[in-house]
Amino acid sequence: MGIQEWTWVTVGLTFAAYLYIGYRSRVGSTRGFYVAGQGVPAIANGAATAADWMSAASFISMAGIISFQGYDGSVYLMGWTGGYVLLALLLAPFLRKFGQYTVPDFVAARYDSTAARLVAAVAAIFVSFTYVAGQMGGVGVAFSRFLQVPFEAGVGIGMLIVAFFAVLGGMKGITYTQVAQYCVLIIAYTIPAVAIALSLFGNPVPQVAIGEALPLLDGLQADLGLDPYSSPFVNNDLLNVFCITLCLMVGTAGLPHVIVRFYTVKSVRAARWSAFWALLFIALLYTTAPAIAIFAKTAILQQYTSLGADGFLAQGWVQSWASTGLIDTAAIAASGTDVSAFLGAINRDIIVLATPEIAGLGAFIVALVAAGGLAAALSTASGLLLVISSSLAHDIYGKVINPEADDRKRLAVGRGMIFLAVILAGLLGIFPLGFVAEVVAFAFGLAAASFFPTIVLGIFWKRANRQGAIAGMAAGLAFTFVAIVLMRAHVVAPGVFGDAPLLDSFLGIKAQGIGVVGMILNFVLTVGVSLATPAPPERVQRLVEQIRYPRVMSDAELDGDLVAA
Amino acid sequence: MTKEQYWRAQIRRILILLAVWAVVAFGMAIFGAPALNAFSFGGIPFGFWMAQQGSIFVFVALILIYAIASDRADRAAGLDETDATTSGASEAH
């Protein structure tokens, strides 16, 4: 069988499994629909969080970006894992103790304000929509490249699958499907890496084999007149590497679709352990990605050094990828001896997708990678769609528009909203707006500048009040949004804003890391305005006291000094 | 033990773990990377290895330590959850 037949087999089998699990996990109450009945075991929630978190970008694009940036690609590796330390230590256990359905639920209760709920709900919808459009586009690309169906049909199939298990099973269906999707994506990612490490370096552990590969690669780069792969601050200066890493970390901890996963576990204790399992599962892929990046760059530069640009083009795997447009063969043919022009003609996304072929692995492995990429895109899309639907159906409809609605009515609205969100996300995937790709990276900046400071101060500082939180969130969001628009508008709409940025950087910090400044602004304003206005009511201070302790405390215990034991 | 003592110990634990997090991620893997690259770790410049491998292992270890230590502290203070004292969202919410 060829690549295409194997791909139909792997994709067909995995999709059948997702549908079966989705059907088995159907629910009948809003508690099941939004937080999976708060009965998900820690390890299962860890796997679901990992699948939820690792998107098509993590699976397909990240290793390629690192491969071409060397050390400076570390910002993604550390940024998208280090945030889980903040999440586990500062947010997850306390939000689980609070124990409602959504992030805006917490903001509304802690700051005793419907206005704050609306701001949080709108921010959650905005962040999630920009993110999900990219996932649906990824589904379309994977289908059209590997299964030769039209792009639109690929998006349509993806929408049908997600709609089936999300509308029927809500958070419960999504969670257990994500567990299966994690297994598929991690197998699909690690098998090619292990096979390459074994065939090229005689060591089956990619994380160890890089010890052999990296000196080789640094030597190749030196021969070609490039900076060493391991040299820091070649593409970005120290300040921006620091700010981007911190912004991605804080943004990760502030993304609603990640936070809400910790509402679904049984207990506070399970929330801590599921953060551990989640990062462990994520680390499996995130420590393999830099190895794939090094192997692929080494292989490509070796082929280039020994064959020259023309010989490189004549290879079978290059020929088979040329038709996809991911390798610009004309630019390579014209590159002569200019190695930078040669590297610039290779699309970053090819690194993960073509690595099995570069290393000469069989058709089955290539097909497995296709199924893994689809699992990554679908699992992330479903988690995001649930956040959008819960913000609309629970926070805006259930809490503000029609608080009298009964559980059956709320569940019906939730299902309707998630169906609507799937359709909208699919349309955004088919007709991508120019700004979507730009905005996805900045979802982190906005999350860092809004949710993170507001929630952390809400948990750890009783004195934080409504006025402070609203001022902080509004200023953090507004500053970050305006700064990004000033720096990036010329890329999104070149005709309107000219072709140079209106603002080059803010104190040397570029757009990707600007969320750090927004976050500091939010912290400072929340503290300053809170201190200048009255303390929050007694009721709110009791809530803060309550969420600090794992078990439910009685009123007497909260008033008293001693713990019963 | 008073519940204030429990909470202060919890804060202290979080601050210590976050200090390690910051030293590893920012101190070693970013600000110290050029200097640490002079040392080799299994064939790999150490600053680079910390940025792309070591820091991630440390992050996983930090959360593991936090989960274990918090479990112990909860039990010692009598604040651990039983089925009857686990918080949950009410159905009629």
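## The nonpolar cores

In this predicted model, the largest nonpolar core holds 223 residues, of which A:Leu185, A:Leu385 and B:Ile63 touch the most other members. A nonpolar core here is a set of buried Ala, Val, Leu, Ile, Met, Phe, Trp, Tyr and Cys residues joined through C-beta atoms within 7 Å, and a residue is called buried if 20 or more other C-beta atoms lie within 10 Å of its own, exposed if 12 or fewer, and partly exposed in between, with C-beta atoms placed from the backbone. Helix 12 of chain A supplies the largest share of this core, 23 residues. A second, separate core has five residues, among them A:Tyr549, A:Met553, B:Tyr6 and B:Ala77. In soluble globular proteins, nonpolar side chains tend to be buried together.

Leaving aside residues up to four places away in sequence, B:Ile63 touches A:Tyr84, A:Val85, A:Ala88, A:Ala275, A:Phe276 and A:Leu279; two residues are in contact if their C-beta atoms, placed from the backbone, lie within 7 Å.

## Where the two chains meet

The contact between the chains takes 55 residues from chain A and 49 residues from chain B. On the side of chain A that touches chain B, the elements giving two or more residues are helix 2 (30-35), helix 5 (74-98), helix 9 (206-223), helix 10 (238-254) and helix 12 (268-314), and helix 12 of chain A gives the most, with twelve residues. That side of chain A divides into 32 nonpolar, 13 polar and ten charged residues, where Ala, Val, Leu, Ile, Met, Phe, Trp, Tyr, Cys and Pro count as nonpolar, Asp, Glu, Lys and Arg as charged, and the others, Gly among them, as polar.

## The fold of chain A

Chain A has 25 helices and zero strands; helices (H or I, at least four residues) and strands (E, at least two) are DSSP runs, numbered from the N terminus. Its C-alpha trace spans about 80 × 55 × 55 Å along the principal axes. The radius of gyration of chain A is 24 Å, which agrees with the value near 24 Å for a compact globule of 565 residues; the radius is taken over C-alpha atoms, and the globule rule is 2.2 Å times the number of residues to the power 0.38.

Of the 565 residues of chain A, 58% count as buried. Among contacts in chain A between residues at least 6 apart in sequence, 81% join residues at least 24 apart.

## Individual residues

A:Gly138 lies in helix 7 of chain A and counts as buried because 28 other C-beta atoms lie within 10 Å. Not counting residues up to four places away in sequence, A:Gly138 touches A:Ala56, A:Ile60 and A:Ala377.

A:Asp112, in the loop between helix 6 (103-110) and helix 7 (114-147) of chain A, has a positive phi of about 55 degrees although it is not a glycine. A:Phe233, in the loop between helix 9 and helix 10 of chain A, likewise has a positive phi, near 60 degrees. A:Asp112 is partly exposed, with 15 C-beta neighbours inside 10 Å, and A:Phe233 is partly exposed, with 16 other C-beta atoms within 10 Å.

## Confidence and conventions

Chain A averages a pLDDT of 86, and 95% of the residues score at least 70; pLDDT is the predictor's confidence in each residue, from 0 to 100. In chain A, confidence is lowest in helix 22 (residues 494-497), at a mean of 65, and highest in helix 23 (residues 515-532), at 96. Where pLDDT is low, the predicted coordinates should not be read in detail.

Residues are numbered from 1 along each chain as its sequence is written, while chains are lettered from A and ligands numbered from 1 in the order in which they are written. As this is a predicted model, local features need pLDDT of at least 70 and side-chain atom pairs count only at pLDDT 80 or more, whereas totals for chains, interfaces and linings use all residues.
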